[in-house]
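The sequence and structure are shown first, and the description follows.

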Amino acid sequence: MLTIFVDADGCPVKDEIFRVAVKWNIRTVLVSNRRISHPAPHLISSVVVREGFDSADDYIAVQASVDDIVITADIPLASRALEKDARVINPNGRTFTKENIGDALASRELMSSLREQGMITGGPAPFKPKDRSLFLHVLQETIQEIKRENGL
């Protein structure tokens, strides 16, 4: 059964995910360090993990499986989910694949090093309405692709 796993702490597209989950009747699991309210309790559940570094990531990495969808901006979690043949979408609409995850991990490491050296002081670009729109489009395309590939 297709499941959407959401790295929900700070996820800016939860409302879009809720709409899509209801529209497509897809089980969705919000994983976070605190309870998150949500509609459609028959489809959408919230898992609260213990506080601690990577607790939500660890839960998602263990639970996700082939053709599940993982929503995360966390590149190491994306890599772990891809190892289990899950589909991974960043909240800005970028998809992580086995072909591009190595570059994403290398870029993350480089940026981290530059921040530590004080050469870069800013964070990621602000989230924009076009990011929200692209995410929604990519999520729906991904669901259609999974259903098509599995004859659903």
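## Contacts and burial

In this predicted model, residues 24 or more positions apart account for 47% of the protein's contacts with a separation of 6 or more. Of its 152 residues, 42% count as buried.

## Secondary structure and overall dimensions

The protein contains 5 helices and 6 strands. Their order along the sequence is β-α-β-β-α-β-α-β-β-α-α. The radius of gyration is 15 Å, close to the 15 Å that the globule rule gives for 152 residues, so the protein is as compact as a globular protein of that length.

## Surface and charge

The accessible surface of the protein amounts to about 8,500 Å². Carbon and sulfur atoms contribute 52% of that surface.

The protein carries 19 positive and 21 negative charges.

K14 belongs to helix 1, which covers residues 14-24. When neighbours within four places in sequence are set aside, K14 is in contact with A8 and I36.

Although K14 is buried, it has no salt bridge. The nearest side chain of opposite charge is that of D9, 7.3 Å away, whereas a salt bridge requires a side-chain nitrogen of Lys or Arg within 4 Å of a carboxyl oxygen of Asp or Glu.

Technical notes. Residues numbered from 1 in each chain as written. Predicted model: local features only at pLDDT ≥ 70, side-chain atom pairs only at ≥ 80, totals over all residues. Heavy atoms only, no water. Helix = DSSP H or I, 4+ residues; strand = E, 2+ residues; numbered from the N terminus. Buried < 20%, exposed > 50% of the residue type's maximum accessible area, 1.4 Å probe, protein only. Lys, Arg positive; Asp, Glu negative; His and termini not counted. Contact = heavy atoms within 4.5 Å. Rg over C-alpha atoms; globule rule 2.2 N^0.38 Å. Areas by Shrake-Rupley, 256 points an atom, 1.4 Å probe, with all protein chains shown as cover. Charge placed at Lys NZ, Arg CZ, Asp CG, Glu CD.
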